[in-house]
Amino acid sequence: MKLLHKDIEKDNAGQVTLMPEEAEDMWHTYNLLQVGDSLRASTIRKVQTESTTGSVGSSRVRTTLTLCVETIDFDSQACQLRVKGTNLEENQYVKMGAYHTIELELNRKFTLAKKSWDSVVLDRIEQACDATQKADVAAVVMQEGLANLVLVTPAMTLLRAKVEVTIPRKRRGSCTQHEKALERFYEAVMQAILRHINFDVVKCILVASPGFVKDQFITYLYKEAVRQDNKLLLENRPKFMLVHSSSGHKYSLKEILSDPTVTSRLSDTKAAGEVKALEDFYKMLQHEPDRAFYGVAHVERAADALAIDTLLISDLLFRHQDVPTRSRYVRLVDSVRDNGGNVRIFSSLHVSGEQLTQLSGVAAILRFPIADLSEPEDDSSDED
């Protein structure tokens with residue numbers, strides 16, 4: 001994402017102009033948008049024209065519209081973002097107040113205006129525009145006949161390819177069918193790696209499986225790379241790392257990312273940091289429960305006591321369309337930061353973020369134990 005212009009007043013009202021450069025930027029934009037915002041962007045509009053003879057035709061024209069945002073729709077698989085709203089500035093093609101849907105496009109700028117830009121949204125822009133935070137980890141999670149190829153970016157886990165091949169069982173006296181099917185499977189996985197992994201960006205490719213599937217695949221991969229003289233695979237050989245997993249399904253990714261050998265290799269990635277923070281929280285919950293709280297009311301009370309060392313919070317909560325509810329979470333984040341605590345905002349599209357959502361999306365590791373917060377949580381408690 002590229003920040004082209006930023007104009008925010010002292011009262012936090014203002015606008016920013018951004019240009020999405022890759023698919024993940026659409027996810028960041030989805031997290032920036034709220035109902036009631038004003039979005040100005042280039043779009044295609046179908047217009048009807050009437051000729052001098054009275055015949056009516058239609059054509060598609062490109063125009064720039066400013067919408068008051070009403071509906072935000074994000075497709076996480078295709079990374080497409082559509083915004084529907086009413087037109088705020090009349091032009092020759094679209095009347096004032098008319099409905100239109102804008103599909104934001106890569107490498108086309110847009111301007112987003114808000115009545116109030118809070119700290120969480122401004123942090124999101126900083127994160128999106130930081131060139132060092134890109135998809136630097138890929139993972140191939142496999143078992144015999146099934147492989148999931150996943151890209152782990154700072155903001156999301158993207159399933160890029162799923163390979164499924166039926167592998168017949170070995171028969172007594174003949175393994176030919178079994179071995180041929182395995183070879184077809186390994187070939188398909190290798191092609192998926194070549195098609196979907198950008199070796200210029202990716203620093204590490206995790207290959208995980210139960211048993212020896214990963215070892216057999218890597219042996220096949222290197223043998224084929226030599227046979228085909230594939231310089232791309234041969235030059236990037238050190239980036240491949242073999243890890244054990246309990247299955248070839250995508251959910252095994254959390255288990256892989258929390259493996260200590262993997263964590264040390266990926267120490268500089270946001271995804272690994274989130275997994276470690278969640279692991280630390282669960283350990284604390286098990287061994288010192290008075291220093292680990294979850295649920296917004298309990299965590300708020302711990303923040304009031306200046307007790308929070310690390311706040312774990314899901315970005316899902318900041319997409320809440322009710323302004324007072326959203327403001328409550330922003331205040332919590334600001335309070336923890338102001339008092340010297342760490343804040344980790346988890347992506348709901350990461351496996352660790354999905355797990356945090358099960359804990360109502362907010363949890364905290366405390367500096368010191370607090371024993372008097374055991375009364376039932378009341379989420380409807382009055383907001384200060």
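What follows is a chat about a predicted model and the strands, helices and salt bridges in it.

User: Ok, in what order do the strands of the 7-stranded sheet sit?
Analyst: The order is S1-S2-S7-S3-S4-S5-S6, the sheet is open, and the pairing is antiparallel.

User: And which strands stand at the edges there?
Analyst: Those are S1 (2–8) and S6 (99–103). Each has a single partner strand, so one side of each is left without a neighbour in the sheet. From one strand to the next, the twist averages 35 degrees.

User: Can you zoom in on one pair? How many bridges join S2 to S7?
Analyst: There are 5 bridges between S2 (residues 14–19) and S7 (residues 110–114), and the two run antiparallel.

User: Nice. Which helix packs on the sheet by touching S1, S2 and S7?
Analyst: That's H2, residues 119–128, and its direction makes about 155 degrees with that of S1. There's also H1 (residues 23–32), which lies across S2, S4 (56–75), S5 (80–87) and S7. H1 runs at about 65 degrees to S4.

User: Switching topic: what's the strand order in the 4-stranded sheet?
Analyst: That open sheet goes S13-S16-S14-S15, with mixed pairing. S13 (292–294) and S15 (342–346) are at its edges with a single partner strand each, so one side of each has no neighbour in the sheet. On average, neighbouring strands here are turned by 15 degrees against each other, direction ignored.

User: What lies across S14, S15 and S16?
Analyst: Helix H10 does, residues 323–338, running at about 150 degrees to S14. S16 is the stretch 362–366.

User: Which residues of H9 meet H10?
Analyst: Val296, Ala297, Val299, Glu300 and Ala303 in H9 meet Arg328, Tyr329, Leu332, Ser335 and Val336 in H10. The axes of H9 (residues 296–304) and H10 come within 10 Å and cross at roughly 35 degrees. That crossing of H9 and H10 is left-handed.

User: Let's talk about H4. How many residues does H4 have?
Analyst: H4 (residues 213–227) has 15 residues. From first C-alpha to last it reaches 21 Å, close to the 21 Å expected at 1.5 Å a residue.

User: Which residues in H4 are buried?
Analyst: Val213, Lys214, Phe217, Ile218, Tyr220, Leu221, Tyr222, Glu224 and Ala225. Here's a handy rule for reading helix lists: an α-helix has 3.6 residues a turn, so residues three or four places apart point the same way.

User: So what covers the buried residues of H4?
Analyst: The cover includes strands S8 (137–143), S11 (204–209) and S12 (240–244), along with helices H3 (176–196) and H5 (231–235).

User: What comes just after H4?
Analyst: Aspartate 229 is there, with a positive phi of about 55 degrees. Aspartate 229 also forms a salt bridge with lysine 231, the closest N and O atoms being 3.3 Å apart.

User: Why does aspartate 229 count as partly exposed?
Analyst: Because its relative accessibility is 47%, and exposed would take over 50%.

User: How many salt bridges does the structure hold?
Analyst: There are 18. One of them joins aspartate 118 to arginine 326, with the closest N and O atoms 2.9 Å apart. This pair links distant parts of the chain, 208 residues apart: aspartate 118 is in the loop between S7 and H2, and arginine 326 is in H10.

User: Is aspartate 118 buried or exposed?
Analyst: Buried, and so is arginine 326. Aspartate 315 and arginine 319 are both buried too, and their side chains meet in a salt bridge at 3.5 Å, N to O.

User: Which residues are linked in a salt-bridge network?
Analyst: Arg62, Glu105 and Arg108.

User: Last one: where is alanine 371?
Analyst: Alanine 371 is in the segment after S16. At 59% relative accessibility, it counts as exposed. C-alpha to C-alpha, alanine 371 is 42 Å from cysteine 129, and the two are 242 residues apart in sequence.

Methods: Residues are numbered from 1 along each chain as its sequence is written. This is a predicted model: local features need pLDDT of at least 70, side-chain atom pairs count only at pLDDT 80 or more; totals for chains, interfaces and linings use all residues. Side-chain values use heavy atoms; hydrogens and water are left out. Two strands pair if DSSP finds at least two bridges between them. Axes are lines fitted to C-alpha atoms, for helices over the stretch in contact, and angles run from 0 to 180 degrees between N-to-C directions. Contact means heavy atoms within 4.5 Å. The expected span of a helix is 1.5 Å times one less than its number of residues. Buried means under 20% relative accessible area, exposed over 50%, partly exposed in between (1.4 Å probe, protein chains only). A salt bridge is a side-chain nitrogen of Lys or Arg within 4 Å of a carboxyl oxygen of Asp or Glu. A crossing is left-handed if the near helix is turned anticlockwise from the far one by less than a right angle, and right-handed if clockwise.
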